[in-house]
Amino acid sequence: MKILFAASEATPLAKVGGLADVVGSLPKALTQLGEDVRLIMPKYGVIDEGKFPSTTVIESISVSIMRRTETARVKQTMLGKVPIYLVENTRYFGRASVYSENEDLERYLFFSKAVMEFLKVSDWRPEVIHCHDWHTGLIPLWVKKLGLPAATVFTIHNLAYQGPFDDRWLAASDLGSAADRWPKKAGTTDMTIMSQGVLNADVVSTVSETYAKEILTKQYGEGVEELLRLRQKDLVGIVNGIDYDEYNPETDPHLPFHYSASDLSGKAGNKAELQAKLKLPVNPKVPLVGMISRLDEQKGLDIIEKAAPGIMALDLQLAILGRGREKYHLFLSQLAPEYPAKLSVTLDFNNPLAHLIYAGSDLFLMPSSFEPCGLGQLIAMRYGAVPLVRHTGGLVDTVAPLSPDLSEGSGFVFKEYDSGVLLETVTTAVVAWQKHAAAWKKLSPRIMGLDFSWRASAAKYLAMYGKVLRKRRALP
Ligand code: GLC
């Protein structure tokens, strides 16, 4: 099967969030199943040309946008065995960041139009076009309008980002005539690009079974729940996997000590190394809680802020890595000096440090208010760090609540999104670590043995592509 992924980011070329990890690793898994998968994305200034040298495949395509004509060049590089088409246009993508403050509507409109122009002239013709998140939400519409024979899949990684705009932008962009219908987001005057992906793709998918159900409700539907309910018949949830080559404690080049489920002795060395690196007391007798996250409300920062005095009163160490909202940068950088022996805050994206935190932590904190899938908890389990999560979205599907004696389940789970409940759960986890050392010694290898590779989910995607393709072909 020939499958084209269209997306705004892919690890390791250009990464901002979990979307990049999925787009960078699922094609590899599908390729291993024998499929011809390729990816198309913008050629950002941040892509390392030394690591990803590219050759030109299409010298110039013309794209009409905002009542002008812009041109793009299509280049090609490789990610392992996966060919990647890069849409090059300096004005839109030459800068040294993936996203921009306020030009993204125009930038991804340009990208999506460029993908369509590419499809018109490319010799390689995909049978399935798999679009990811709002940036590529217009492609299914245009595929349909042009009558291209490809089936389209639109995957929602996060409904909180929809590419919203108003009437003025609709007029300026000349998009008005493109769609017959621009439904407004409930409770707002916004129209969104994402709604077109939901309306027009042959199949709409999201990244866990639970999130696929949650987004049909007002609580999680972000104003498009009614639209999603219209597509309920064609809405599926497939849980994400992680790249087991990149995340492997037996071979991870970022770790000073390697270890496995059958021999965990190296984990203690990584913990000591992490404590030293973060200038925390090097002490094996205190549980180390890791958190690697975008710092915003989705990830539970508001309840962490409220619970912080209580959490800091416990006998633990907390290592936080990530960036996000300015107010949480401020809060955490003021909190850290108050607890130099307990709290380490690194406001950064730092992949080597992230690997060491997964490997050195006993617990991994993820108290999200909503979570389409979540990858941190999967990586944490692969490294034997026990997840502490809220019962929502993909966290429901991947973390089973622990029994009190730790003999069953895989993590500490709480339901109500509340700082008091969070504190109670962290307390329970810390006490369990201290009181049930022997049971914990069995728990870590048990969660390391769970399978969160792409194996099962890639097969599910393949089955879904097959089904939608057959349906497409059966149409007149
Ligand atoms: C988004 C979601 C996250 C998901 C990721 C990849 O970042 O917030 O839950 O794991 O996309 O699908």
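**A parallel sheet and its helices**

Helix H15 (residues 419-435) lies across E15, E16 and E17, contact meaning heavy atoms within 4.5 Å. H15 runs at about 165 degrees to E17. Axes are lines fitted to C-alpha atoms, for helices over the stretch in contact, and angles run from 0 to 180 degrees between N-to-C directions. Helices (H or I, at least four residues) and strands (E, at least two) are DSSP runs, numbered from the N terminus. The model is predicted: local features need pLDDT of at least 70, side-chain atom pairs count only at pLDDT 80 or more, and totals for chains, interfaces and linings use all residues. Residues are numbered from 1 along each chain as its sequence is written, and side-chain values use heavy atoms, with hydrogens and water left out.

The open sheet has 6 strands in the order E14-E13-E12-E15-E16-E17, with parallel pairing. Two strands pair if DSSP finds at least two bridges between them. Strand E14 (343-346) and strand E17 (412-414) are the edges, each pairing on one side only. The twist averages 15 degrees from one strand to the next. Strand E16 (residues 386-390) is joined to E17 by 3 bridges. Arg390 has Phe414 in E17 as its bridge partner.

Helix H12 (residues 351-360) lies across strands E12 (288-292), E13 (317-321), E14 and E15 (363-366). H12 runs at about 145 degrees to E12.

H15 also meets helix H10 (residues 301-312): their axes come within 8 Å and cross at roughly 45 degrees. In H10, the residues that meet H15 are Ile303, Ile304, Lys306, Ala307, Gly310 and Ile311. Their counterparts in H15 are Ser419, Leu422, Leu423 and Val426.
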